[in-house]
Amino acid sequence: ASTVPTLWGIPLKYLSLVTLAVQNSLLTLIMHYSRVSTPPSRAYSPATAVLMNEILKGSISFIIAFSRIDLPPPEVAGQTTTLMSRIKRLAGDIFSQDCWKLSIPAILYVIQNNLQFVAVSNLQAATFQVSYQMKILTTAGFSVLLLRKKLTSPQWVALLFLAIGVGVVQIQAGAVRVVQDGVVQDDTHTMNAMKGFIAVATACLTSGLAGVYFEMVLKNTQTDLWVRNVQLSLFSLLPALAPVFYLYASDPQDGWIPTLFRNFGGWAWGTVSVQVFGGLLTALVIKYSDNILKGFATSLSIVISFLASVALFDFQITFTFIIGSFIVLVATWLYNHQPKRPESISWALGWP
Ligand code: C5P
């Protein structure tokens, strides 16, 4: 615990959780807006967005992994540390014997990232956010099953409260947003709520399973996080390419690039950028804390972003919001307040 890395003196653990909280709120809004603000005939392809996300994340991770290779000094290795030897070393790490393990979360994340677009295009932004919080429960379930995490009864109750509290805050936040943001509501894009709910429920399952599986691989082996990220992106390429091929095959007259990037404007690139940033942050959060705490951080972000809206846009704080936030805070306290458990994660609010 004494070797926890820091940035500007702040432990990465805290920094990554807080940043992820902000990123989460931003992503839902920008993604929803990018999908529903244009008529379907001028919509961009989610398949291209998912593919771009993986390519960019993989490339950034590769560069970081490359910069982190520690080769033995030349006198020990008996050779000079050339560019080639560094590349060889990294390639060896990436195509290691156990790299196949990343194929499982990779496929699950690609499915999830595609489903997220389906859900967000068929549900209101707030409804989507509420339903997507159910991943808190699926994550806890898979953490217990796969990581053998032991949760006490109060912790299970805390998780349930968290999900309820988030729902209450969200319903409130959504109601305000509907009034404020007429553009989002006035679109002519037709939504299919049933399709949206099935998509979001499945995404909650894949989110929990993929996140916990990634955590298991990361924490049970020595391999560097960034090498694991490159492996994840490489295994994602195949499933991410499949819908792209389908897209091209169904409308091949314009060539590859124009077909894939049709209507791929600023909002689409904005969505991809926030997603890439979020993916890299998620990896850091999973490494330096865990998936369950990730759920708490993102749920607290809902309270924070609503308070920011009050300050910036003159939103009214209502009774429902206060109740919802209170439940979230009590749940966070309840989850962290358990004496004498070595695996208790008490740093979240700095309480013993
Ligand atoms: O909402 P949830 O936390 O399940 O979303 C995880 C997101 O982070 C997914 O979009 C996934 O592709 C991304 N991710 C990543 N690299 C990791 C872990 C997750 O890009 N190592």
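**Salt bridges, helix packing and a surface patch**

K149 is partly exposed, with a relative accessibility of 22%; this class lies between buried (under 20% relative accessible area) and exposed (over 50%), for a 1.4 Å probe and protein chains only. The model is predicted, so local features need pLDDT of at least 70 and side-chain atom pairs count only at pLDDT 80 or more, while totals for chains, interfaces and linings use all residues. Residues are numbered from 1 along each chain as its sequence is written, and side-chain values use heavy atoms, with hydrogens and water left out.

The side chain of K149 meets that of D290 in a salt bridge, at 3.3 Å from N to O. K149 sits in the loop between helix 7 and helix 8 (153-180), and D290 in the loop between helix 13 (266-288) and helix 14 (291-313), so this pair ties together parts that are 141 residues apart in sequence. Helices here are DSSP runs of H or I with at least four residues, strands are runs of E with at least two, and both are numbered from the N terminus. In contrast to K149, which is partly exposed, D290 is buried, with a relative accessible area of 4%. Salt bridges with shared partners join K149, E215, K219 and D290 into one network.

Across the whole structure, 10 salt bridges are found, each being a side-chain nitrogen of Lys or Arg within 4 Å of a carboxyl oxygen of Asp or Glu. Among them is the pair R68 and D224, whose closest N and O atoms are 2.7 Å apart. R68 belongs to helix 2 (residues 46-68), whereas D224 is in the loop between helix 10 (193-220) and helix 11 (225-249), so the pair links parts 156 residues apart in sequence. Both partners count as partly exposed, R68 at 45% relative accessibility and D224 at 23%. Another salt bridge joins D98 to K101, with 3.9 Å between the closest N and O atoms. Here D98 is buried, at a relative accessible area of 17%, while K101 is partly exposed at 24%.

Turning to the helices, helix 5 (residues 103-122) packs with helix 10 at an angle of about 155 degrees, and their axes are 8 Å apart. The two are therefore roughly antiparallel to each other, and their crossing is left-handed. Within helix 11 lies A240, which is buried at 1% relative accessibility. The C-alpha atom of A240 is 9.5 Å from that of A49, although the two residues are 191 apart along the chain.

Helix 7 (residues 135-147) contains the buried residues K135, I136, T138, T139, A140, F142 and S143. Directly after helix 7 comes R148, whose phi is positive, near 55 degrees.

On the surface, L7, W8, I10 and Y14 make up a nonpolar patch with about 450 Å² of accessible area together. Members of such a patch have over 30% relative accessible area and no salt bridge, and their nonpolar side chains (Val, Leu, Ile, Met, Phe, Trp, Tyr) are joined within 5 Å. At 35% relative accessibility, I10 counts as partly exposed.

For the helix pair, axes are lines fitted to C-alpha atoms over the stretch in contact, and angles run from 0 to 180 degrees between N-to-C directions; roughly antiparallel means over 145 degrees. A crossing is left-handed if the near helix is turned anticlockwise from the far one by less than a right angle. Accessible areas come from the Shrake-Rupley method with a 1.4 Å probe.

How values were computed: Patches are made of residues with over 30% relative accessible area and no salt bridge: like charges are joined within 9 Å, nonpolar side chains (Val, Leu, Ile, Met, Phe, Trp, Tyr) within 5 Å. Angles under 35 degrees count as roughly parallel, over 145 as roughly antiparallel, 65 to 115 as roughly perpendicular and the rest as oblique.
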